[in-house]
Amino acid sequence: MPSNLRPDDGCTLLIDGKLSKGSGGVFATGNPATGEHLGWAADARTEDMAAAIAAARTAFDDTGWSTDPAFRARCLRQLREALREHIEELREITIAEAGAPRMLTAGPHLEGPVHDLGFFADLAESYSWRTDLPIAEPMGMRTRRQLRREAVGVVGAITPWNFPHQINLAKVGPALAAGNTVVLKPAPDTPWCAAALGILAAEHTDIPPGVFNVVTAADHLIGAQLAEDQRVDLVSFTGSTATGRSVMAAAAGTVKKVFLELGGKSAFVVLDDADIAAACAMAAFSVCVHAGQGCALSTRLLVPRSAYDRALEVTAATMSGIRAGDPADRRTVCGPLISARQRDRVESYIALARREGGEVVIGGGRPAGRDEGFFVEPTLIAGLPNQSRVAQEEIFGPVLVILPYDGDDEAIRIANDSPYGLSGSVWGTDPERIDKVVSGIRTGTLGVNGGTWYSVDAPFGGYKQSGIGREMGVAGFEEYLETKLVAYPA
Ligand code: NAD
């Protein structure tokens, strides 16, 4: 039976297998492309979150979920099947609620992560849960040792709004596959994307009650409860570095494991032997994708001073050719920002760039004819040093800062002169020079000459203040595992 994934009654909570509205009633969700009211989502209160945590705890402690990988794999495949059966409905929700460009829903915004659930289902079945170590003689005693990997327990997953399905599924998939139970707390801007997962899990899978819970709320601090509660064993957080700090601090009280995917200000380094035009066009294009609301987008373009004028010209021409537009239109790459608040934030950085003496080469305003919704024009900023705030801080909009450098060593130094280290790009011709730059940049992922690092079997995460741990790949799965060493007399 088809499920209604746009619950008109706002019943978006899934707690202990039951869908409900929760104690706080409902809150309104909006369409960022039009500013119009979209519908309702359940507004959870503290007692709802407490009930979800209790359900997840009981399901972990009192059922066979954590010790039955074949059953978990089956449940994850059922969930994937249900998502696929509802893919068109999900696509429209994702476009309407997250402002996701339609063309990206065929990839990382929806269909990609749905497909990727299969990777974690397969991993649950193929993983070596028990490994024998060689016989050893610690302190003269011959010992047989077995290394066991076990689920951590109750996982609190806190997610942002920018790529809701990708991020929700990159946590829920491996956490469940590894045998944990989960409480998912999505961002208040995208409750329906998360609720759809809960509805489909409840109505189309054998996932036992309490194993997977979804708690939507208007109040951000409902998420803090997951970090503080001692019944939660691990918090998996994606969001801003500022919130990540407070999640980490809140989790310290119960010394729980914290996994953090945070902000970025990645560098796109164009070496002087690169095809300057191709590289700059790519840098200009990619910063406009989903209106720049991607943590791993490269938002600082480092170009050799000798080629600066040419680089500026190509980058400006490419960005001026990209219109911020209706995400439902299949030609749109750059949709709206998620909210008026986020648009204010982006505009305040553009104003700051001007105050700091920078030049807004392209864009800087709101696109003509888009008075409704939260659009900002693709914007190129020049004339500011890497030390300026617009070059140091994450803006999370379609804003690119271009910076000249002298010599490869200075390019590496500028790329690293950032509190972040999430991603980046290097473009050039000489493999040795490229390799030196790749080795020199302290970052979690790097694309060379347009190479794509994003893939479910490849770990993704940050150095420095971009996070702790890795998402996706076997490394991402193992984040949700404990290690137990058992020793027997040999
Ligand atoms: P945010 O930090 O404001 O919120 C993220 C989530 O945390 C939301 O669910 C929010 O309700 C919740 N939250 C807020 N305050 C909290 C608190 N005190 N305790 C617990 N939970 C709390 O981030 P956002 O604005 O929703 O998303 C944008 C940010 O996410 C950007 O900084 C971006 O770089 C980052 N991000 C990082 C990655 C990554 O993988 N590194 C991916 C996507 C987004």
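This is a predicted model: local features need pLDDT of at least 70, side-chain atom pairs count only at pLDDT 80 or more; totals for chains, interfaces and linings use all residues.

User: Okay, which helix is His165 found in?

Analyst: His165 belongs to helix 6, which covers residues 164-177.

User: And what does His165 touch?

Analyst: Leaving out residues up to four places away in sequence, His165 touches Leu90, Thr94, His109, Leu110, Pro113, Ala170 and Cys193.

User: Let's switch to the ligand. Which residues are closest to the ligand?

Analyst: The ligand is surrounded by 29 residues, and the closest are Thr159, Lys185, His220, Leu262 and Glu394.

User: How far is an oxygen atom of the ligand from the side chain of His220?

Analyst: There, a ligand oxygen sits 2.6 Å from a side-chain N or O atom of His220. Thr159 uses its backbone instead: one of its polar backbone atoms is 2.7 Å from an oxygen atom of the ligand. With Gly239, a backbone N or O atom lies 3.4 Å from a ligand oxygen.

User: How many bridges join strand 12 to strand 13?

Analyst: Four bridges, between residues 266-270 of strand 12 and residues 298-304 of strand 13, and these two strands run parallel. Ala267 stands opposite Arg300 in strand 13.

User: What actually holds strands of a sheet together?

Analyst: Strands pair through backbone hydrogen bonds, in either a parallel or an antiparallel way.

User: And what's the order in the open sheet of three strands?

Analyst: That one goes 5-6-22, with antiparallel pairing. Its edge strands are strand 5 (130-136) and strand 22 (481-489). On average, neighbouring strands in this sheet are turned by 20° against each other, ignoring direction.

User: Which residue is the bridge partner of Arg130 in strand 6?

Analyst: Arg148 is the partner of Arg130. Five bridges join strand 5 to strand 6 (residues 143-151).

User: Last one: what does UniProt say about residues 26-486?

Analyst: The unreviewed UniProt entry annotates residues 26-486 as "domain: Aldehyde dehydrogenase". Over that stretch the chain is 39% helix and 21% strand, with the end C-alpha atoms 49 Å apart.

Terms used: Residues are numbered from 1 along each chain as its sequence is written. Side-chain values use heavy atoms; hydrogens and water are left out. UniProt positions are given in the numbering used here, feature names are shortened, and annotations may be inferred rather than shown by experiment. Two strands pair if DSSP finds at least two bridges between them. Contact means heavy atoms within 4.5 Å. Axes are lines fitted to C-alpha atoms, for helices over the stretch in contact, and angles run from 0 to 180 degrees between N-to-C directions. A residue is near a molecule or strand if one of its heavy atoms lies within 4 Å of it. A polar contact is a pair of N or O atoms within 3.5 Å; within protein, one must be able to donate a hydrogen and the other to accept it, and residues adjacent in sequence count only if both atoms are side-chain atoms.
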